[in-house]
Amino acid sequence: MSENTTPVTEDDGAPKRRGRTKKKHTIGRVLLASCVVLALVTGLGVIYLYRHLNGNLTVLDIQKQLTDRPSKHRVAGPQEPLNILVMGSDDRDGAGDNIDGLTHAGQRSDTTILFHLSADRKHAYGVSIPRDSLVTRPTCKDEKGEDIAGGTDVMWNEAFNIGGPACTVQQFEHLTHVFVDHFVVVDFAGFESMVDAIGGVPVCIPKPIVDPAHGINIPAGTREIKGREALNYVRARYTLGDGSDISRIKRQQAFVASMAHKVISKGTLARVDRLVGFLNAATQSLTTDMDSIVKIAKIGVGFKDIGLDKIKFITVPIEYDQREAYRGRVDWVQPQTDKLWKLIADDQPLPKKFLNGAITAAHAGDHKHKKPSSEAEANGLCS
């Protein structure tokens with residue numbers, strides 16, 4: 001990842017954008033300040049805290065498992081564009097955890113989002129891929145380098161089930177021709193702790209969510225939710241909205257956007273206990289190829305410089321498969337989807353046709369004046 005930053009220039013002897021620089025709160029600076037303050041308060045050393053957060057990370061190198069990778073397009077910009085594939089890992093062996101009603105236990109990934117940061121750091125996109133997408137999965141390799149057979153008309157999330165993040169990255173690159181710079185697997189149980197660390201996340205729930213079988217009982221209303229309630233909210237499928245994975249994706253996008261809004265708000269940045277608690281919970285929840293919190297922080301700085309109003313969440317263009325054997329599954333709509341991935345690979349801004357209905361992080365946490373609309377209510381959201 002490039003570490004270039006835009007220099008301050010002086011065309012007429014007067015420094016440019018100096019006021020803007022003073023107002024910046026980059027994640028790197030906040031992290032350093034948090035470490036220093038926490039060290040003073042608790043008597044811990046900064047190096048100890050840094051090592052502690054680094055030690056929380058589960059680092060996994062999958063480079064040797066990836067084959068026939070697409071080339072990364074060279075584009076103009078002060079930095080390089082970044083593509084980060086995020087997967088939500090959910091271990092549902094516990095009682096009441098099998099919310100999707102699946103017949104087998106163990107880890108699975110019901111959430112896949114490709115985060116793209118532009119080279120000029122002026123916009124970022126989170127592109128969700130439905131777990132119910134029918135795809136042609138390529139052959140991938142396990143940790144021993146042995147082949148895992150591919151398949152035709154298989155669900156997107158099967159790749160993670162049988163081959164973990166490496167197989168999912170291989171599948172993504174093969175189908176999209178978009179190079180993945182980094183991957184992150186977020187454990188859903190740890191996700192619950194991240195929400196608790198910042199005191200909850202604001203949501204707008206138009207109708208009560210009641211599912212006694214899985215211990216879900218969330219009243220309607222606009223408020224902050226946390227703990228198991230928050231985890232159940234992002235997991236829920238059949239008991240909220242139209243029961244589809246698509247409506248769940250919309251809720252997850254809105255929740256993640258609202259969470260991002262809360263994390264970089266003054267209420268979180270000004271409270272060292274919340275910030276460090278969030279960092280601790282987050283690092284404990286991650287499996288990634290990035291081997292230090294410094295690398296993660298630098299990427300976080302990129303998001304902060306873009307601004308919340310330029311971070312947009314969308315979903316791959318899809319349509320329901322009409323074959324009886326694949327009822328409820330979805331197909332990627334062509335040629336729209338190929339065009340979307342080419343724009344991402346070329347680091348081009350997405351046109352309005354792809355951004356219709358996009359969720360923006362800047363307003364995701366503001367639910368004070370929102371009222372349910374028919375479309376939003378169908379997805380378990382407020383408009």
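1. Buried means under 20% relative accessible area, exposed over 50% and partly exposed in between, with a 1.4 Å probe and protein chains only. By this definition, 50% of the 383 residues of the protein are buried.

2. This is a predicted model, in which local features need pLDDT of at least 70 and side-chain atom pairs count only at pLDDT 80 or more, while totals for chains, interfaces and linings use all residues. Residues are numbered from 1 along each chain as its sequence is written, and side-chain values use heavy atoms, with hydrogens and water left out.

3. Salt bridges (a side-chain nitrogen of Lys or Arg within 4 Å of a carboxyl oxygen of Asp or Glu) number 13 in the whole structure. One of them pairs K72 with D181, with the closest N and O atoms 2.5 Å apart. K72 is in the loop between β1 and β2 and D181 in the loop between α4 and β9, so the pair ties together parts 109 residues apart in sequence. Both residues are buried. Salt bridges with shared partners join K72, E80 and D181 into one network.

4. D153 forms a salt bridge with R323, the closest N and O atoms being 3.0 Å apart. D153 is partly exposed at 27% relative accessibility, and R323 is partly exposed at 37%.

Methods:
Helices (H or I, at least four residues) and strands (E, at least two) are DSSP runs, numbered from the N terminus.
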